[in-house]
Amino acid sequence: MISFLNLEYFLLLSERLNFNTTAKELHITQQTLSGHINKLEKSLGVKLFLYGPPLKITSAGILLKTYASEILSCKRKMEESMFEMQKQKSGTITIGTTYSRAQFLLPPIIRDFKKKYPLVQIKLFEGNTPEVEVKLVKHEVDVAIGFQPANSKNIISIPLYHDPFMLVIHPAVLEQYFPDRPSHQFRIYNDQAIKDIIQCCPFLIMPSDTTVGKYCHQYISDQKLHITKILELRDVGTMLSMCYSQMGFMLCPRTLIQCSTYPFSKEHIIHPLPDFKPLMISVNYPEHQRHSSLIKSFIKIVKENLNNSLIASVRNVPAEDH
């Protein structure tokens, strides 16, 4: 029978055309080398060499040399692929995301990933968006889900969907600050009503060193609005809780409203912001991870989860109050 070892020994001998030199290079005896060549010749039924001196390769040997090179090349690729697969299936992946997305988006994604890669250790880094981006740039995070990084150098981003900011407020807050205006008037979307809410009602806002806070502050500045009442919160979950509890209004990415455990759609008034460009949510990873099969598989699972649940529900939310 023909073995890979027979072919490896044959291939080297076909290059060196010297039994003594080839045997020394392989760290075997000439007798052992000769035995491998004889096995090949018997299996194939042809002479591979003319045993000189000098040693010459036959036409059959030249043909086998071509096939042997291809076979051994495929063998090496197969071994590399198997090694990479084993390495990936038993390796470690560090996922970075914000606290809110870790709560709302990651559980089903990690569940499905663990089903496919039960031996892979998952590490999770939670922080605000700038902190996650720093970890990406430093290669301390393998893959992240969030806004496209402001500093995209050496970072690859796979777009998932646009996430518009929405204004959310409970009618009870409107009744308190606009006692002469029926709250149902605010359910009809118009720019002036939104400006009135922003300028008169308590603003539940995150600090400007967070991405949500930065875009909210920028929006207020661009619209030249004057804020009178501010309650600053560092956590999105707290902001959602305060808004649901009728403590004021918030400007929040629609995904977080949709995925929140609070049923905002039942009573709250929810409107898109005029002149606010939706932000892109993406999967981000360092460029050196470009060829990682583990990262590619993670991205595929993320897309499948979002396509099956999150994106479908987000796309079905009406542009105005729902």
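**Group meeting: helices and sheets in a predicted model**

F203 stands opposite I230 in strand 9. Let's start from that pair. This is a predicted model, where local features need pLDDT of at least 70, side-chain atom pairs count only at pLDDT 80 or more, and totals for chains, interfaces and linings use all residues. Residues are numbered from 1 along each chain as its sequence is written, and side-chain values use heavy atoms, with hydrogens and water left out.

Some terms. Helices (H or I, at least four residues) and strands (E, at least two) are DSSP runs, numbered from the N terminus. Two strands pair if DSSP finds at least two bridges between them.

Back to strand 9. Strand 8 (residues 203-205) is joined to strand 9 by three bridges, and the two run parallel. Both belong to an open sheet of five strands, in the order 9-8-10-7-11, with mixed pairing. Which are the edge strands? Strand 9 (230-232) and strand 11 (269-272), each pairing on one side only. On average, neighbouring strands here are turned by 30 degrees against each other, direction ignored.

Helix 11 (residues 236-244) packs on this sheet. It touches strand 7 (165-169), strand 8 and strand 10 (249-253). Contact means heavy atoms within 4.5 Å. The direction of helix 11 makes about 135 degrees with that of strand 10. Axes are lines fitted to C-alpha atoms, for helices over the stretch in contact, and angles run from 0 to 180 degrees between N-to-C directions.

Inside, strand 3 (residues 92-97) and strand 5 (residues 143-147) pair in the parallel sense over two bridges. G96 stands opposite A144 in strand 5.

Now the helices. Helix 1 (residues 4-16) has 13 residues. After helix 1 comes L17, with a positive phi near 50 degrees.

Helix 2 (residues 19-26) and helix 3 (residues 30-44) pack at about 100 degrees, axes 9 Å apart. That makes helix 2 roughly perpendicular (65 to 115 degrees) to helix 3. Who makes the contact? F19, N20, T22, A23 and L26 from helix 2, with Q30, L33, S34 and I37 from helix 3.

Technical notes:
Parallel < 35°, antiparallel > 145°, perpendicular 65-115°, else oblique. Expected span 1.5 Å × (residues − 1).
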